[in-house]
Amino acid sequence: MQVLLIEDDPSLAEGLKRSLNREGFTVNHLLRGKDGVHAVSTSPPDIVILDLGLPDMDGQDVLKTIRKQDAELPVLILTARASLEDKVAGLDNGADDYLAKPFEIDELLARLRVFERRLSSFKHAGMSIGQVTLDSKAQTVSVSGQALELSRREFMLLKVLMENAGRVQTRDSLESKLYSWGEEIASNAIEVHIHHLRKKLPDQFIKTVRGVGYTIKPV
Ligand code: CA
């Protein structure tokens with residue numbers, strides 16, 4: 001799951017990023033509200049974690065602007081302003097959840113997992129194409145009932161390809177779904193993951209579209 005973190009406290013953001021990465025979330029971090037609004041329109045994440053006290057824009061206005069762009073995007077508000085008034089305003093402006101600072105990282109992770117479950121039950125929790133079955137809730141993949149051992153990135157890559165079966169995914173779009181901005185990526189990273197996936201999957205399951213990317217044919 002891709003998380004956009006809009007938070008102007010760099011040390012808090014760094015800590016959050018590390019913890020969320022460990023849990024398998026991809027995190028892109030921005031310090032300013034305007035940049036956050038821009039990012040939501042150009043490369044929409046799965047969820048936004050939004051700090052209300054930002055230097056350039058009031059977080060409530062960031063939230064309102066995001067809501068105008070995307071009515072469905074889950075937004076979790078993070079703020080030191082723990083007053084009931086702020087909480088009510090945040091929820092009125094379309095926040096889905098609210099966490100007051102200081103908070104326990106475990107609580108944030110638990111809430112993110114709720115969003116993740118909601119998201120994956122919304123986006124086909126279990127899907128099968130041919131002999132391959134992917135369960136995004138249990139995070140498992142099997143071929144003809146036989147479970148596969150996949151790395152986290154292999155799983156994410158296969159999930160994106162299966163969810164978009166019939167459509168070609170370019171290397172760039174796959175990279176942006178699997179890696180955070182600025183994360184060190186070897187130029188052939190996607191090819192390497194595809195290579196490993198193919199050794200575990202039926203022949204010709206993932207097709208190469210020469211010079212463009214990869215696709216899976218829906219059956
Ligand atoms: Ca702040």
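**A calcium site, salt bridges and a nonpolar core**

Hi everyone, let's start at the metal: along the chain, the donors of the calcium ion follow the spacing D-x42-D-x1-G. By donors I mean N, O and S atoms within 2.8 Å of the metal, or 3.2 Å for Na, K and Ca; water is not among the atoms, so sites may look incomplete. Before going on, this is a predicted model, in which local features need pLDDT of at least 70 and side-chain atom pairs count only at pLDDT 80 or more, while totals for chains, interfaces and linings use all residues. Residues are numbered from 1 along each chain as its sequence is written, and side-chain values use heavy atoms, with hydrogens and water left out.

Which protein residues are the donors here? They are Asp8 (OD), Asp51 (OD) and Gly53 (O), at 2.2 to 2.4 Å from the calcium ion. Asp8 sits in the loop between β1 (2-6) and α1 (10-22), and Asp51 in strand β3 (residues 47-51), so the pair links parts of the chain 43 residues apart. Helices (H or I, at least four residues) and strands (E, at least two) are DSSP runs, numbered from the N terminus.

Is Asp51 buried or exposed? Asp51 is buried, at a relative accessible area of 3%, whereas Asp8 is partly exposed at 30%. The cut-offs are under 20% for buried and over 50% for exposed, with partly exposed in between, using a 1.4 Å probe and protein chains only.

Asp51 turns up again in a network of salt bridges with Glu7 and Lys101. A salt bridge here is a side-chain nitrogen of Lys or Arg within 4 Å of a carboxyl oxygen of Asp or Glu, and the structure holds twelve. One of them joins Glu191 and Arg171, with the closest N and O atoms 2.8 Å apart. Glu191 lies in helix α8 and Arg171 in helix α7, so this pair ties together parts 20 residues apart in sequence.

Now the largest nonpolar core, which has 25 residues. That means buried Ala, Val, Leu, Ile, Met, Phe, Trp, Tyr and Cys residues joined through side-chain atoms within 4.5 Å. Among the members touching the most others are Leu158, Leu161 and Phe205. Which helix gives the most to this core? That is α6, with seven residues. Leu161 touches, among others, Gln169, Ile194 and Ile216, leaving out residues up to four places away in sequence; contact means heavy atoms within 4.5 Å.

Thanks, everyone!
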